[in-house]
Amino acid sequence: MLSELLALEKIIEQGAPHLDVRVVRQVQVPAGPSLPIYAIGIGNDAPDIPAVGFFGGVHGLERIGTEVVMAYLQSVVMRLRWDATLHRQLEQVRLVFMPIVNPGGMWSSTRANPRGVDLMRNAPVEAMDRVPLWVGGQRLSPGLPWFRGKAGEPMEEEAQALCEVVEAELLPRSFSLALDCHSGFGVRDRLWFPFAHTRKPIPHLAELHALQEIFLQAHSHHPYVIEPQSAQYLTHGDLWDHLYLQACRNVPTHTFLPLTLEMGSWLWIKKNPRQLFSRWGIFNPLIDHRQQRVLRRHMLLLDFLSRAACSHARWAPAPEQRAQRRADALAAWYGDAFD
């Protein structure tokens with residue numbers, strides 16, 4: 001059994017009285033076990049309550065994303081034993097966790113799932129502008145990286161599982177956030193927001209700018225570059241573009257803000273070049289003290305998002321403020337491209 005799954009099941013056991021747990025899918029690994037995809041809910045499940053979803057392990061090689069989500073889940077579970085403030089907070093917010101979206105890929109030590117499909121290239125979304133060769137998604141072969149799956153086929157089971165949880169737990173609410181934890185790009189930690197399939201700004205740019213402002217006010221020395229993913233590269237098949245567009249179609253008055261934490265693993269390689277010779281080392285800190293530092297580094301972000309969702313009515317821009325907010329966001333993130 002995967003050590004991460006065993007650790008997750010231990011956390012589930014510890015938090016049993018407070019957690020809503022379900023197995024969304026069972027993934028069969030060729031010549032291996034059947035592995036569960038867990039979804040864990042905690043807090044108020046009333047439909048008028050805001051929610052935050054925390055996701056990890058979409059790419060099987062990026063174990064550090066899973067570990068960040070699990071570290072925060074364990075912190076919440078342990079604090080429930082004594083933290084009266086947390087109990088009051090959870091009366092006003094719903095937290096949802098999917099720490100291991102792609103257990104088969106993690107078992108097989110691959111970025112893709114056991115069928116060779118990159119789940120972050122698997123959604124039915126086509127890029128409107130040119131994407132980088134290969135990285136943007138390809139349909140030639142599952143034996144090559146960034147395979148999208150065959151045209152016309154349903155999304156992979158793991159991608160469907162993530163979408164089902166988001167559609168059930170986040171999209172029906174008037175306000176929700178999501179954070180998907182990844183690693184493997186650059187030497188800086190980045191917080192990306194949609195779109196990935198086009199350079200056009202998303203409709204909720206005003207809300208994202210307001211969220212950034214309160215984050216800067218609370219954590220002025222944060223390590224993140226906050227930007228649209230399109231500032232770096234475009235892709236086909238992005239799951240969060242797919243879900244965001246679905247949210248906008250379903251109930252345009254609702255606000256769903258999906259974010260991606262892209263941890264800069266090149267910095268770990270720079271500090272320890274031997275990691276280049278390990279498949280895991282390209283995406284994860286291999287030295288124990290560095291891994292502990294990474295986990296500590298991001299707990300503030302996950303806790304901030306929980307609090308921000310809970311208190312969204314205090315910072316989300318009012319209708320008469322949205323135009324100015326959007327103008328400020330365009331100037332900050334897009335320059336003159338969309339004035």
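Leu 257 in strand S8 is the bridge partner of Leu 177. Helices (H or I, at least four residues) and strands (E, at least two) are DSSP runs, numbered from the N terminus. The model is a predicted one, in which local features need pLDDT of at least 70 and side-chain atom pairs count only at pLDDT 80 or more, while totals for chains, interfaces and linings use all residues. Residues are numbered from 1 along each chain as its sequence is written, and side-chain values use heavy atoms, with hydrogens and water left out.

The bridge between Leu 177 and Leu 257 belongs to the pairing of strand S5 (residues 175–183) with strand S8 (residues 255–263), which runs in the parallel sense over nine bridges. Two strands are taken to pair if DSSP finds at least two bridges between them. Asp 180 stands opposite Thr 260 in S8. S5 also pairs with strand S3 (residues 51–56), again in the parallel sense, over six bridges. Leu 177 of S5 is the bridge partner of Val 52.

Eight strands form an open sheet with mixed pairing, in the order S1-S2-S4-S3-S5-S8-S6-S7. Its edges are strand S1 (20–28) and strand S7 (224–228), each of which pairs on one side only. On average, neighbouring strands of the sheet are turned by 20° against each other, direction ignored. Strands of a sheet pair through backbone hydrogen bonds, either parallel or antiparallel.

S5 is mostly covered, with nine of its nine residues buried. Buried means under 20% relative accessible area, exposed over 50%, and partly exposed in between (1.4 Å probe, protein chains only). In a regular strand the side chains alternate between the two faces of the sheet. Phe 175, Leu 177, Leu 179, Cys 181 and Ser 183 point one way from S5, whereas Ser 176, Ala 178, Asp 180 and His 182 point the other way, and all are buried.

Helix H6 (residues 205–218) lies across S5, strand S6 (189–193), S7 and S8, and runs at about 55° to S8. Axes are lines fitted to C-alpha atoms, for helices over the stretch in contact, and angles run from 0 to 180 degrees between N-to-C directions. Contact means heavy atoms within 4.5 Å. H6 also packs with helix H11 (residues 322–333) at an angle of about 75°, the axes being 8 Å apart. H6 is therefore roughly perpendicular to H11, given that angles under 35 degrees count as roughly parallel, over 145 as roughly antiparallel, 65 to 115 as roughly perpendicular and the rest as oblique. On the H6 side the contact is made by Leu 205, Ala 206, Glu 207, Leu 208, His 209, Ala 210, Gln 212 and Glu 213, and on the H11 side by Arg 322, Arg 325, Arg 326, Asp 328, Ala 329, Leu 330 and Trp 333. The contact residues divide into seven nonpolar, two polar and six charged. In this division Ala, Val, Leu, Ile, Met, Phe, Trp, Tyr, Cys and Pro count as nonpolar, Asp, Glu, Lys and Arg as charged, and the others, Gly among them, as polar.

The structure holds 12 aromatic pairs. Rings of Phe, Tyr and Trp (its six-membered ring) pair if their centres lie within 6.5 Å; planes under 30 degrees apart count as stacked, over 60 as edge-to-face and the rest as tilted. Phe 185 and Tyr 233 form a tilted pair, 5.8 Å centre to centre with 50° between the planes. This pair links distant parts of the chain, 48 residues apart: Phe 185 is in the loop between S5 and S6, and Tyr 233 is in the loop between S7 and helix H7 (239–250). Tyr 233 counts as buried, at 18% relative accessibility. The pair of Phe 195 and Tyr 244 is edge-to-face, because the ring centres are 5.7 Å apart and the planes at 70°. Phe 195, in the loop between S6 and H6, and Tyr 244, in H7, are 49 residues apart, and this pair too links distant parts of the chain. Phe 195 is buried, with a relative accessible area of 6%, and Tyr 244 is buried at 0%. Phe 54, Tyr 72 and Phe 97 form one aromatic cluster.

A cis peptide bond, with omega about 20°, joins Pro 194 and Phe 195. Trp 134 has a positive phi, near 70°, in a residue other than glycine. Trp 134 is found in the loop between helix H4 (103–108) and helix H5 (157–169) and is partly exposed, with a relative accessible area of 34%. Phi of Trp 146 is likewise positive, near 65°. Trp 146 is found in the loop between H4 and H5 and counts as partly exposed at 25% relative accessibility.
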